[in-house]
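Please look over the sequence and the model first, and then read the notes below.

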Amino acid sequence: MKIAIGISGLYRDNIGGKKVPSNLLAMKNKFKADMYYHTWDTELNKIPLEYRSGNFFTTPEPTMEYHPIFDPKPTRSPKHHWYRRTRKNGNKTLHGNKQIIGYSNLFDKIPNDYDLYIRTRWDCSINPDFLIM
């Protein structure tokens with residue numbers, strides 16, 4: 001099985017005491033996958049040089065002109081009403097969809113000959129006891 005792992009988002013070097021390079025290497029080895037990387041143009045200098053070649057891509061960070069919680073008309077969804085009622089500061093939810101946009105930008109660059117595409121972030125980690133069947 002041919003596997004591609006797409007890493008996108010904002011690079012933060014230390015997650016819970018674990019370093020990003022060791023986490024990414026663990027994923028690559030565990031899945032025997034090809035790795036693809038993405039971040040916003042403005043974040044380029046935060047990415048270590050070892051990832052900035054070959055399968056590394058950047059795009060401009062989108063400007064959000066639509067708020068996914070506060071702009072639409074209320075629906076019958078209790079969760080939507082709860083968000084509108086409790087999220088006074090909408091900055092967190094305003095930028096939440098950028099993860100999806102960034103991965104979409106990356107996915108457009110990954111060849112379409114893979115059997116499985118895994119989407120994850122720079123700040124992920126994999127359980128070393130995880131088994132692939």
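This is a predicted model: local features need pLDDT of at least 70, side-chain atom pairs count only at pLDDT 80 or more; totals for chains, interfaces and linings use all residues.

A nonpolar core is a set of buried Ala, Val, Leu, Ile, Met, Phe, Trp, Tyr and Cys residues joined through side-chain atoms within 4.5 Å.

**Overall fold**

- The secondary structure of the protein chain comes to four helices and six strands, and these follow one another along the sequence in the pattern β-β-β-α-β-β-α-α-α-β.
- Along its principal axes, the C-alpha trace of the protein chain spans about 45 × 35 × 35 Å.
- Of the contacts in the protein chain with a separation of 6 or more, 63% are between residues 24 or more positions apart.

**Surface and interior**

- The protein chain has 133 residues, of which 32% are buried.

**Nonpolar cores**

- The largest nonpolar core has 18 residues, and those that touch the most other members are Ile-5, Ile-7, Leu-24, Met-27, Phe-31, Tyr-37 and Trp-122.
- Strand S1 (3-8), H1 and S4 are the elements that give two or more residues to this core, and H1 gives the most, with four residues.
- Another core, which lies apart from the largest one, consists of six residues, among them Ala-4, Tyr-36, Leu-106 and Tyr-114.

**The largest pocket**

- The largest pocket has a volume of about 250 Å³, and of the 16 residues that line it, Gly-9, Leu-10, His-95, Lys-98 and Gln-99 are the closest to its centre.
- At least two residues of the lining of the largest pocket come from strand S4 (34-40), and helix H4 (98-107) likewise supplies at least two.
- Sorted by class, the lining of the largest pocket holds eight polar, six charged and two nonpolar residues.

**A loop residue with positive phi**

- Lys-32 lies in the loop between helix H1 (20-31) and S4, and its phi is near 50°, a positive value in a residue other than glycine.
- Is Lys-32 buried or exposed? Lys-32 counts as exposed because its relative accessibility is 70%, and exposed means over 50%.

Methods: Residues are numbered from 1 along each chain as its sequence is written. Side-chain values use heavy atoms; hydrogens and water are left out. On a 1 Å grid over the protein atoms alone, a cavity is a set of points where a 1.4 Å probe fits but cannot get out, and a pocket is an open set with protein on both sides within 12 Å along at least five of seven lines; lining residues have an atom within 4 Å of a point. Grid points are joined across faces, edges and corners, and a volume is the space filled by probe spheres set on the points. Ala, Val, Leu, Ile, Met, Phe, Trp, Tyr, Cys and Pro count as nonpolar, Asp, Glu, Lys and Arg as charged, and the others, Gly among them, as polar. Buried means under 20% relative accessible area, exposed over 50%, partly exposed in between (1.4 Å probe, protein chains only). Contact means heavy atoms within 4.5 Å.
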